[in-house]
Amino acid sequence: MSSNSSVVQRRKTTRSKSKQQPQQQQQQNVAENLIENQNATNEQNERLHFRSRSATSVSAAAATTTTTANSPSPLCCNGTLPTTANMFNCCRDVNCHLNAPLALPLRGSVERSRRSESRQSFLSETSNSTSAPTPTPTPKASSASPTSASKKSSRSRSRSSSCDVGDVVDNAKQSAGRADSAINAAATEAQFTVSLHIDLFSWGLFLLAFFTRFYKLATPPHVVFDELHYGKYISHYMRNIFFFDQHPPLGKQLIAGLVSFAGYDGNYTFPRIGASYDSNVPIFWLRFLPALSGSLLAPAVYKLLQEAKLRRSTAALGGLLVVLDNALLTQSRFVLMESMLLLASTVGIACLLRFQRCSLGSLTWLGSGAAAAFFLACAGCVKYVGFLALVLAGYLLCRHLWNLLYDASLTTHQLWMHTLGRLLLFVGIPLAVYLGIFYVHLRTLHRAGPHDSIMTSAFQASLDGGLASITRGQPLAVVHGSQITLRHTHGRTCWLHSHAAVYPVRYKDQRGSSHQQQVTCYSFKDVNNWWIVKRPDRDDLVVGDQPEAIKHGDIIQLVHGITSRALNSHDVAAPMTPQCQEVSCYIDYEIKMKGELLWRVEILNRQTEGDRWHAIKSEIRLIHETTGAALRFSGRQLPSWGFNQHEVVGDREQTHQDAIWNVEEHRYTKTQDQRERERQLLSAEMIPTKRTHLSFWAKLLELQTKMFWQAKQVQSHMYSSQPHEWPLLDKGIAYWLDSSSSAQIYLLGNILIWYTASAGLAIYTILLIFYAVRRRRLCFDVSSGEWRRFLIAGDTFYVGYLVHYLPYFFVDRTLFLHNYLPAFIFKLLLLCYVLEHLDYLLRRHCIGRGAILKHMVRIYRLAVILWLFAVFFVFVKFLPLSYGSRKMSAKEITNLRWKDTWDFILQKNYALN
């Protein structure tokens, strides 16, 4: 009996083992599938291909399941030998052309096998989670008879063939129901739950930067560098006075809005650099917003580095370097725009990196994209250089879309949605922000000021108290007998002018002239700017009861109001532009030189203003009837014999932009007596009147044209510098000097950070070339994850640096060191990645290679810590030049002159050397 029991027991054991083997094999397959899925997730951006030694390796690998040491085996792209488990998992890219030789039935069987394994693993997990554990058989159960055991086994097999699937399905439904109820309960509970996440690194960086930026913020109580200009603009905002600046107005608007709550009335004039502020000027609040932006820049850089998938310690290092740079500190403590520009650019790029990882159409996708577009638009609205960050964003978006095109899992409709979504976000939002800011700008500045003379007559007439002061009762239609001033419409502000002086008989190059009365373009209001419109067939100059309006195509004469000589041109070379003909007022010397006094009026904007010649708005071109030359402002300045006024010529090229004029001041002639007319011209008064109307779009278009093409340029400056001098900090800028001591504020970066960042830029360039060549040979020196981070750093930081730096080599204007700060931020970000990447390389190649190499990682990290202490030392060393709050001796200043190109200022009683 015992022998029979032992036989039965052994049979049960054998049967249980045979049942467990498929289960173990199934669990092993499930584990392999999970590992393969994880690898596929980690390698989703890197295309894996086979590299075989012969053309038949792929087909051979698909036909065989084992490999020998002597047979040539295909190598996977990661350098490992393929097996039956990973043979068809190595290249998961359905677009890969190397998958084409594989037989379609074989690939279909592999896919069916994967689906079957996935279904079996799901059913196994479901049955295991719902079934109770099997109890251990007791001795009594073990002693059952073979007959009963065989019957039970037979019944069990019959039940399993008919009921196992139904039980599993029921259990799966019950599990799904319990899971749904648990999810609903969790969602209901989450609606009434608020979690607070505080990043101590971010807050620590902000508090540290806040202390350094706000320490003695109101010191010095004097105008510092470009506060001279920005302070004036803010004062104009407070008084609603129009001003002209070549940069967008957002930063100035924000500061003006803030100081308005502090009670500032805008009456301080900011006369010169170094001038003391009045007691009623809120210095702290004027400098508050730039200092706050500089404080927020450190945590913003920290978040951007985290979005680029750098370690938290490296991101914290980047924020700390922002705090410890003297140039960023100095630029953040005064009424300057760079700190707001840098903050908006950094936050915008950080939101963009998060946006590219979000799924299409999600709330996170929409919020991150809208935030990125908004902040990038704000950067461009602070200074036009901020739009370079938007150019970088466009590059990143296009590169991401290009990668999406290779993803065969995306349909054409989804690709169009990706493209249109990015266009709407990153074109629509910046455009709306830009137009909105200029709408507020033009609506706020409705009063005439010192800068409105650069604008056209129509623009000036739309301002209170400006050109509107002479348009009250001014007739609109230009007629025979109209007294007018002709203004050069586009470009330099000047009026057609003449005076009693004549051209010299001969010029310095021995060319002769007509020796007739000079006609010039004069940049100031003057009585000699008045001209009288006359019909050639009439001798009188009085406007009658029925005025004769001048229309498009009419022939007229222009008579100078004071000298009564008519505008003339002839085939004589102009004084400064000999390829054009001279324009003069005709004097009859009785030498048989006939006057050529007829001019044809061409109204250029008659589609909108009509065929009649109107004051202010009609843009005209005067064509000389005899020679066909157009009256044009040449832009050249006459010598002393022409009183340094600007030349006016007759140019046969009629379509030139400088040949466009418009009537600005206009009145009708009421008397025929010449002396009475002169008396009226000399005694004309300008009475402030109601402004005329000009649409927002017309004003915006004109203002944008002036900002881009007619901005005032600083010709030269003793502290200007060239782009090639910036990376190595060859030259700084003196911002302020104390009149009673050698205390001063000097824009100068932390030289150790700047030099190390330049070295990091060179190291990244070398590594980029090295990796690119090696990967072309299918040699992979870094892991796929690190390679993706390397590319992210290159696309964001390396390209960002080039985008913000290289354009300055093509800019034809005076440049300063602070123009380099946007590019410097990206170079600083790139330095942080290079430091982390070098640490990765040391860990990859040194750990596990011996005791000496093992310590290389520790030595490198110790060197980085020592370098950081040296950075802090340099920062503290140059703090007196950033704050300007401590009086310094000549010796202390000369000790800080580490480079001969640094031009510090000493009082005249001291010598620098």
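1. Helices H15 (residues 387–405) and H16 (residues 412–444) pack at an angle of about 170°, their axes 10 Å apart. Axes are lines fitted to C-alpha atoms over the stretch in contact, and angles are taken between N-to-C directions. Helices are DSSP runs (H or I) of at least four residues, strands (E) of at least two, numbered from the N terminus.

2. This is a predicted model: local features need pLDDT of at least 70, side-chain atom pairs 80 or more, while totals for chains, interfaces and linings use all residues. Residues are numbered from 1 along each chain, and side-chain values use heavy atoms, without hydrogens and water.

3. Contact means heavy atoms within 4.5 Å. On the H15 side the contact includes Phe387, Leu390 and His400; on the H16 side, Arg422, Phe426 and Tyr434 are among them.

4. The largest nonpolar core has 196 residues, and Leu486 and Trp613 touch the most other members. Such a core is a set of buried Ala, Val, Leu, Ile, Met, Phe, Trp, Tyr and Cys residues joined through side-chain atoms within 4.5 Å. Helix H23 (residues 821–846) gives the largest share, 17 residues.

5. The whole structure holds 1 disulfide (cysteine sulfur atoms within 2.5 Å). Cys494 and Cys521 form this link, with sulfur atoms 2.1 Å apart. Both cysteines are buried, meaning under 20% relative accessible area (1.4 Å probe, protein chains only), with exposed meaning over 50%.

6. Cys381 is buried at 0% relative accessible area. Cys398 is exposed at 55%.

How values were computed. Axes are lines fitted to C-alpha atoms, for helices over the stretch in contact, and angles run from 0 to 180 degrees between N-to-C directions.
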